[in-house]
Amino acid sequence: MNIRSRVRQSLLEMKIAFTKNRSFRWTALVLILMLIADVLPVGAVSTPFNPNKGLDLQTASTLTFVANADAYVEELHPTANNGTTDYLQVESANNRNSESYIRFAVSGVTGSVQSAQLRVYTTVNSSTNGPALYTTGNTWTETGITWNNRPGRMGSVIDNKGGIDKNTWVEYNVAPVVTSNGTFNFVLVGDSSDEIRFSSREGNNPPQLIVTFNSVTNTPAVTQTSILTPTRTPTRTATLPSGSTPTSTRTPTATQSSGPTPTRTPTTAQLASATFTRTPTAGNPTATSAGGTFTFTSIADSYVESANPSTNYGSATQIRVDGSPDVRSYLRFNVQGLSGSVTSATLRVYANSSLSTGYDARGVSDSTWTESGITYNNAPPVGSVIGSSGSISSGSWTSVNVTTYITGNGTYNLGLTTSSSTALSLASRESGANAPQLVIQTGGGTAPTATRTPTSAGSTQTPTRTPTAAVNPTQTPTRTPTASSGSVVFVGAGDISRCDNNNDEAVAKLLDGISGTVFTTGDNAYDSGSITEYTNCYDPTWGRHKGRTKPVPGNHEYGTSGAAGYFQYFNNPPTYYAYNLGAWRIYALNSEIDVSASGAQATWLQSDLAANPKQCVLAYWHRPRWSSGSTHGSASDMQAIWQILYNAGADLVITAHEHNYERFAQMNASGAVVSQGLREFVVGTGGASHYGFGSALASSEVRNSSTYGALKLTLNSSSYNWQFVPIAGSTFTDSGSANCH
């Protein structure tokens with residue numbers, strides 16, 4: 001019996017009922033409507049069901065973008081730029097307001113945006129009232145924005161936060177703003193006096209923008225293992241609205257009078273109402289980590305050319321390649337936040353011109369080059385070819401498979417070359433939305449999907465979830481520290497920059513080639529540590545490592561009242577502070593304030609040593625407790641600090657003030673040589689000038705008063721190695737190792 005015959009029969013039966021009971025009229029009308037709705041498919045009365053036709057299915061895809069520019073600005077220092085620091089700062093206080101600006105370039109979104117979250121990672125402190133988020137203009141640059149030239153907020157607040165814990169991801173809903181591809185600028189603004197700091201893109205957990213969107217895919221057709229064709233009773237299958245939670249609905253059932261029951265060959269997805277596909281982001285902690293897609297923009301890029309071997313092109317809006325004359329491009333990416341194994345990595349670069357032969361992507365093992373300093377003369381060599389772009393059309397994105405080169409979190413340097421004698425122009429990171437990208441996909445366990453539970457003929461099939469693991473979208477990616485149980489590098493010196501010589505630049509070039517944390521031991525900018533001297537003398541040399549520098553002041557900093565230039569330039573670090581570096585506890589102390597046993601600094605030091613017991617401890621400040629130097633010599637007023645550290649079993653002290661290099665044996669509290677004591681290095685070799693020695697102290701092991709350079713310490717989990725690294729053209733060096741107490 002076909003559908004129309006069943007309807008006629010039902011109407012006849014209802015007509016008979018009407019003649020027997022007039023009160024049944026309205027009930028019958030309702031039943032008729034329900035019967036018609038039940039037997040007729042919505043919108044497809046005369047279209048038979050075709051089991052061999054695939055179905056269009058909306059599935060969710062997720063892309064993770066890392067900020068391609070960020071910086072914070074301060075009202076207290078209205079002309080200072082903080083675009084290279086490893087943190088962002090937000091505060092609302094009288095004359096101390098600070099705001100953070102973040103930019104993302106979104107591409108690859110091919111459907112309607114379902115959700116968008118901006119995520120920032122808190123670092124050193126928490127807040128009872130977190131900052132508000134606004135959109136802002138696109139006129140700012142990472143290295144140029146200041147309080148005075150910052151763009152204003154646009155529109156009303158997008159999202160606001162209450163209490164925020166330390167070392168957690170904070171998520172802002174930006175779906176009302178991020179609706180498609182494009183460049184998006186945000187500003188975090190404080191609404192309380194609670195200062196909060198987040199990791200910047202130069203830090204270990206750069207800001208992220210996670211975009212989930214719907215994309216339409218065609219699913220394979222349902223196949224049957226029986227040649228019998230069952231008679232189907234079509235039923236309604238509601239279409240899910242975008243963003244709704246899938247729920248069970250009536251699904252087609254198959255009936256037949258005889259013969260075997262048809263079986264389905266399962267497909268990836270059969271019906272939208274019965275398929276649950278989840279694309280987890282990096283923050284989904286699963287028992288078996290599910291994969292995700294991450295997009296990183298270059299943090300540095302430039303090109304070099306043989307025709308102008310001493311010219312730097314780091315600020316250009318293009319990078320170029322050419323076979324004749326030789327023109328090469330260099331790119332650097334900071335990959336962080338990956339929580340699974342890398343399954344694919346694609347380099348994407350936007351082409352400004354065409355080239356049939358394309359370009360080759362090559363690995364670069366030397367990471368000492370800088371965007372503002374690289375030239376053809378000092379450019380590192382490029383390695384073997386990783387992949388090639390193929391033919392390139394102008395105004396399009398190019399892609400190169402670099403999966404073999406990208407193995408996980410870390411910093412990656414790539415070189416671009418071509419064999420063609422025709423030049424190719426590509427967009428650099430200064431171009432904005434078309435900045436070079438590194439798109440990485442990670443894998444792990446299987447994401448949750450829905451499975452069908454077979455039922456007997458005539459019953460309704462109910463979709464059921466078979467999750468592989470619990471999914472919590474608010475969880476965060478596992479943080480990948482720079483060195484967990486291994487070694488870290490701690491490198492630096494004191495007595496550094498004068499505008500009347502270039503010795504500090506020679507030492508800064510050493511730092512260009514040494515990774516790790518940079519320290520200064522005071523007298524960083526001569527003669528008075530003013531902000532002008534920091535800007536004109538220190539910043540062009542050692543200042544290019546400002547983002548990874550942990551400074552302390554010297555007596556020359558206090559040539560400016562309150563060391564105001566020092567505090568302004570280094571973005572108001574604490575007067576003295578402590579931090580962990582690898583397995584070590586590090587103390588950055590101030591020898592230019594009260595250093596007595598009863599002073600606040602000594603009291604704090606004792607308390608922190610007790611609260612943070614470590615096998616390996618290092619402290620650094622400006623004026624040395626022990627020195628054989630003839631200009632200043634030993635600073636006896638530092639005895640209380642030395643005594644506290646010795647009593648706590650500390651291992652190393654680094655100082656400066658005397659413009660020379662001196663290494664001491666391990667000493668006790670009175671400076672006598674012992675087998676398990678406290679070793680001091682005097683490293684006043686940063687570039688200012690040289691001082692001579694007087695009579696050598698009994699505990700002095702090595703001295704040099706004619707070489708500029710830096711002390712490089714490799715801090716291991718229970719030991720340390722030291723190496724004095726001289727500037728180019730000098731031969732003096734000193735090296736060794738020892739165990740922690």
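User: Which residue of β7 does Leu 133 stand opposite?

Analyst: Leu 133 stands opposite Asp 159 in β7. Keep in mind that this is a predicted model.

User: OK. How many bridges pair β6 with β7, and in which sense?

Analyst: There are 4 bridges, and β6 (residues 132-136) pairs with β7 in the antiparallel sense.

User: What is the order of the strands in that sheet?

Analyst: The order is β2-β4-β9-β6-β7, which makes 5 strands in an open sheet with antiparallel pairing.

User: Which strands stand at the edges?

Analyst: Those are β2 and β7 (153-160). Each has a single partner strand, so one side of each is left without a neighbour in the sheet.

User: And by how many degrees are neighbouring strands turned against each other?

Analyst: On average they are turned by 25 degrees, direction ignored.

User: Let's look at β2. What is its partner, and how many bridges join the two?

Analyst: Its partner is strand β4 (residues 98-106), and 6 bridges join them, with the two strands running antiparallel. To find one spot on screen, look for Ala 71, which stands opposite Tyr 101 in β4.

User: Which residues are on each side of it?

Analyst: On one side you find Ala 69, Ala 71 and Val 73, and on the other Asp 70, Tyr 72 and Glu 74. Both faces of β2 are covered.

User: Switching to helices. At what angle do α6 and α7 pack?

Analyst: The angle is about 10 degrees between helix α6 (residues 600-611) and helix α7 (residues 639-647), and their axes are 10 Å apart. That makes α6 roughly parallel to α7, because angles under 35 degrees count that way.

User: Which residues meet there?

Analyst: From α6 you have Ala 602, Leu 605, Gln 606 and Leu 609, and they meet Ile 641, Ile 644 and Leu 645 of α7. Sorted by class, this contact of α6 with α7 has 6 nonpolar residues, 1 polar and no charged ones.

User: What about α3? Which of its residues are buried?

Analyst: In helix α3 (residues 503-512) the buried ones are Asp 504, Val 507, Ala 508, Leu 510, Leu 511 and Asp 512.

User: And what covers them?

Analyst: The cover includes strands β27 (488-493), β28 (517-520), β37 (709-715) and β38 (719-726), along with helix α4 (531-538).

User: New topic: how many salt bridges are there?

Analyst: The count comes to 22 salt bridges. The general idea is that side chains of opposite charge can pair when their charged atoms come close.

User: Show me one. What does Glu 305 pair with?

Analyst: Glu 305 forms a salt bridge with Arg 320, and the closest N and O atoms are 3.3 Å apart. Glu 305 is in strand β15 (residues 300-305) and Arg 320 in strand β16 (residues 318-321), so the pair links distant parts of the chain, 15 residues apart.

User: Are those two buried or exposed?

Analyst: Glu 305 is buried, with a relative accessible area of 11%, and Arg 320 is buried too, at 16%.

User: Now Arg 429. Which residue is its partner, and where do the two lie?

Analyst: The partner is Glu 371, with the closest N and O atoms 2.7 Å apart. Arg 429 sits in the loop between β23 (424-427) and β24 (437-443), and Glu 371 in the loop between β19 (360-363) and β20 (385-388), 58 residues apart. Arg 429 is buried at 19% relative accessible area, and Glu 371 counts as buried at 15%.

User: And Asp 637 with Arg 623: what is the N to O distance?

Analyst: That salt bridge has an N to O distance of 2.9 Å. Both residues lie in the loop between β32 (616-620) and α7, so the pair ties together parts that are 14 residues apart in sequence. Asp 637 is partly exposed at 37% relative accessible area, whereas Arg 623 counts as buried at 15%.

User: Which residues do shared partners join into one network?

Analyst: Glu 142, Arg 201, Glu 202, Glu 371, Arg 429 and Glu 430.

User: Last one: how many helices and strands does the protein have?

Analyst: It has 7 helices and 39 strands. Of the 741 residues of the protein, 50% count as buried.

Terms used:
Residues are numbered from 1 along each chain as its sequence is written. This is a predicted model: local features need pLDDT of at least 70, side-chain atom pairs count only at pLDDT 80 or more; totals for chains, interfaces and linings use all residues. Side-chain values use heavy atoms; hydrogens and water are left out. Buried means under 20% relative accessible area, exposed over 50%, partly exposed in between (1.4 Å probe, protein chains only). Two strands pair if DSSP finds at least two bridges between them. Axes are lines fitted to C-alpha atoms, for helices over the stretch in contact, and angles run from 0 to 180 degrees between N-to-C directions. Angles under 35 degrees count as roughly parallel, over 145 as roughly antiparallel, 65 to 115 as roughly perpendicular and the rest as oblique. Contact means heavy atoms within 4.5 Å. Ala, Val, Leu, Ile, Met, Phe, Trp, Tyr, Cys and Pro count as nonpolar, Asp, Glu, Lys and Arg as charged, and the others, Gly among them, as polar. A salt bridge is a side-chain nitrogen of Lys or Arg within 4 Å of a carboxyl oxygen of Asp or Glu.
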